[in-house]
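Good morning, everyone, and thank you for making the time. Please take a moment to look at the sequence and the structure before I start talking about them.

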Amino acid sequence: MAPKAAVRHFPVVVLSVLALASIADGQTPSIFSADNSSAGTERLIYGVDAGLGETDNATLVTTNKVSQTISTVDADFDVKHQSSRLDVDAKGNFVDYDYLQGAYGNELLGRFDGVAHFGLIPQRVTWVLQDDFGQAALDPFAPVTPGNIEYVNYVSTGPDFALRMGGTGFLDASVRVARSTYQTSPFNSSRVLGSLAAGLQLSARSSVSLNGVAER
């Protein structure tokens with residue numbers, strides 16, 4: 001269900017004028033990056049870079065190709081917070097493209113994925129909020145150019161219940177209200193989802209359960 005960030009495909013030579021490592025992608029941090037991961041349950045990692053690129057086919061066509069100089073500014077972050085009641089995990093990466101000769105207008109592409117758990121009753125009742133944002137192609141059979149991209153967002157929220165019965169019995173349930181939003185396509189929708197699982201914990205790593213899922 002989560003949207004995927006659109007991928008640009010054109011021959012390009014990039015000159016980086018400022019680079020700060022994208023730690024969220026597992027790269028080695030530079031001296032310009034902020035990394036508080038040593039705090040254990042607190043993490044803030046971010047990076048910013050700017051560059052200048054050149055392409056000989058900005059419109060991705062086979063004839064009448066258009067050359068273009070493109071300036072880019074990129075920012076990414078990775079945030080993690082965990083406490084007795086609140087658990088937040090969010091990652092994002094966004095790139096701004098500026099076509100200096102005017103082949104296209106200014107274009108912002110990116111992706112965000114975040115989830116937060118708030119313990120109403122710790123280890124028993126938890127409220128969950130999740131959001132996923134990205135881009136998708138309007139026409140999957142056409143080149144992915146700025147005129148063929150739309151923003152897509154999917155957000156859901158609702159409670160999780162974890163009940164224990166006796167030494168090994170458990171009853172888990174969740175309810176979600178979700179909303180899908182498309183910038184252009186007529187696919188906006190709302191959903192209600194629910195799940196229920198009843199079972200026995202056989203060991204620390206194994207369990208048997210009967211599960212049911214409903215969606216409207």
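This is a predicted model: local features need pLDDT of at least 70, side-chain atom pairs count only at pLDDT 80 or more; totals for chains, interfaces and linings use all residues.

Residues are numbered from 1 along each chain as its sequence is written, and side-chain values use heavy atoms, with hydrogens and water left out.

Let me begin with the overall fold. The chain has 11 strands and zero helices, where strands (E, at least two residues) and helices (H or I, at least four) are DSSP runs numbered from the N terminus. Of the 216 residues in the chain, 30% are buried, and here buried means under 20% relative accessible area, exposed means over 50%, and partly exposed is in between, with a 1.4 Å probe and protein chains only. If we take contacts (heavy atoms within 4.5 Å) between residues at least 6 apart in sequence, 48% of them join residues at least 24 apart.

Where do we find the largest nonpolar core? A nonpolar core is a set of buried Ala, Val, Leu, Ile, Met, Phe, Trp, Tyr and Cys residues joined through side-chain atoms within 4.5 Å, and the largest one has eight residues, namely Ile-70, Val-95, Tyr-97, Tyr-99, Tyr-104, Leu-109, Val-144 and Ile-149. Strand β5, residues 86-99, gives the largest share of this core, with three residues.

Now to the rings of Phe, Tyr and Trp (its six-membered ring), which pair if their centres lie within 6.5 Å, and which count as stacked with planes under 30 degrees apart, edge-to-face over 60, and tilted for the rest. There are five aromatic pairs by this rule. One of them is the tilted pair of Phe-77 and Phe-112, at 6.2 Å centre to centre and with 40° between the planes. This pair links distant parts of the chain, since Phe-77 is in strand β4 (residues 68-82) and Phe-112 is in strand β6 (residues 107-121), 35 residues apart. Phe-77 counts as partly exposed because its relative accessibility is 27%, and Phe-112 does so at 22%. Elsewhere, ring pairs link Phe-94, Phe-133 and Tyr-151 into a cluster.

Finally, Gly-212 lies in strand β11, residues 207-215, and is partly exposed at 34% relative accessible area. Leaving out residues up to four places away in sequence, Gly-212 touches Gly-194, Ser-195 and Leu-196.
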